[in-house]
Amino acid sequence: MNILSMSQTLFYLIEQQANSEKAVTYLRQQTEAFQRNPQVATFYRVFTAMPRFVGKQSIDLPADMNFALKRVRSGFSVTGWTLDRLARVWWLLQLPADDKSFYVNTIGQLFKAGELNELVALYSALPVLAYPDAWLFQATEGIRNNIADVQSAIMINNPFPADYFDEASWNQMILKAFFTDKDVTQIIGLDERKNARLAQTLADYAAERRAAGRSLPANIERLT
């Protein structure tokens, strides 16, 4: 994926939002300041303060922009996002990626310290961050936690798991999706990554629920 192209496309989408003039001005000012003096403290401050300066309204996603995003990064979607979430993902793309250690450590600290909405933005950004192999631990840990919004950010309309999870991690995610009543039809790669171990595990799970007189999760038959 071309980070510059994604950055430009996301910024154009921000510009298209209603009453986004204040947000656009703020983002341009912060980008110019960060480019002049690329301090990590500045990067963190802007990421954290984003909702206060750009707002939290739901974004409007025209069909042509949705198509344009998917051309830059296959499977990538911002459907249902708020403006602060969009702006935070865009801001992450402003961090220079030429030094892997610096890049991974800087963003990694955000994963460690982030509050809920910051974590949602970080996990939403996984498909467009540089060095995708470096984020596998964060992604699998995010699946294991019990924060529903974080789980959804990884599972729903996010191509990262389908592209990079190994079979065990993928299967764990699908099981967690069923256990937590996620809409599995919105998981990218659901059919393409079917496998025998997952099918057997889900069949056993379905049998247990039937034996207990409980209903089956929606769409579980699709994978068994």
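For sorting the residues on this tour, Ala, Val, Leu, Ile, Met, Phe, Trp, Tyr, Cys and Pro count as nonpolar, Asp, Glu, Lys and Arg as charged, and the others, Gly among them, as polar. The model is predicted, so local features need pLDDT of at least 70 and side-chain atom pairs count only at pLDDT 80 or more, while totals for chains, interfaces and linings use all residues. Residues are numbered from 1 along each chain as its sequence is written, and side-chain values use heavy atoms, with hydrogens and water left out.

**Stop 1: the largest pocket**

Select G108, F111, K112, L119, Y123, F137, Q138, E141, G142, N145 and I147, which line the largest pocket. Helices α6 (100-113), α7 (116-124) and α8 (136-144) each give two or more residues to this lining; helices here are DSSP runs of H or I with at least four residues, numbered from the N terminus. The biggest share comes from α8, with four residues. By class, the lining has five nonpolar, four polar and two charged residues.

The pocket has a volume of about 160 Å³. A pocket is found on a 1 Å grid over the protein atoms alone, as an open set of points where a 1.4 Å probe fits, with protein on both sides within 12 Å along at least five of seven lines; lining residues have an atom within 4 Å of a point. Grid points are joined across faces, edges and corners, and the volume is the space filled by probe spheres set on the points.

**Stop 2: helix α7**

Now select α7. Seven of its nine residues are buried, so the rest of the structure largely encloses this helix. Buried means under 20% relative accessible area, exposed over 50%, and partly exposed in between (1.4 Å probe, protein chains only). To show the buried ones, pick E118, L119, V120, A121, L122, Y123 and S124. Their cover includes α3 (40-54), α5, α6, α8 and α9 (148-155).

Next, go to R85 in helix α5. Beyond its neighbours within four places in sequence, R85 is in contact (heavy atoms within 4.5 Å) with G80, V120, A121, S124 and A153. The C-alpha atoms of R85 and V120 are 7.7 Å apart, although 35 residues separate the two along the chain.

**Stop 3: the largest nonpolar core**

A nonpolar core is a set of buried Ala, Val, Leu, Ile, Met, Phe, Trp, Tyr and Cys residues joined through side-chain atoms within 4.5 Å. The largest one has 70 residues, and L10, L27, V78, L86, L92, I107 and I174 touch the most other members. Helix α5 (residues 83-92) is its main contributor, with seven residues. Centre the view on L86: apart from residues up to four places away in sequence, L86 touches L10, L13, I14, I59, V78 and W81.

**Stop 4**

Q30 is buried at a relative accessible area of 12%, and T31 is buried at 11%. Outside four places in sequence, Q30 is in contact with R45, V46 and W91.

**Stop 5: salt bridges**

The whole structure holds eight salt bridges, each a side-chain nitrogen of Lys or Arg within 4 Å of a carboxyl oxygen of Asp or Glu.

- R28 and E15 meet at 2.7 Å, N to O. R28 is in α2 and E15 in α1 (residues 3-16), so the bridge ties together parts 13 residues apart in sequence. R28 is partly exposed at 43%, as is E15 at 32%.
- D163 and R73 have their closest N and O atoms 2.9 Å apart. This pair links distant parts of the chain, 90 residues apart: D163 is in α10 (residues 160-164) and R73 in the loop between α4 (63-72) and α5. D163 is partly exposed at 43%, whereas R73 is buried at 9%.
- D133 and K100 meet at 3.2 Å, N to O. D133 is in the loop between α7 and α8 and K100 in α6, so parts 33 residues apart in sequence are tied together. D133 is partly exposed at 47% and K100 at 37%.

Finish by selecting R88, E115 and E118, which salt bridges with shared partners join into one network.
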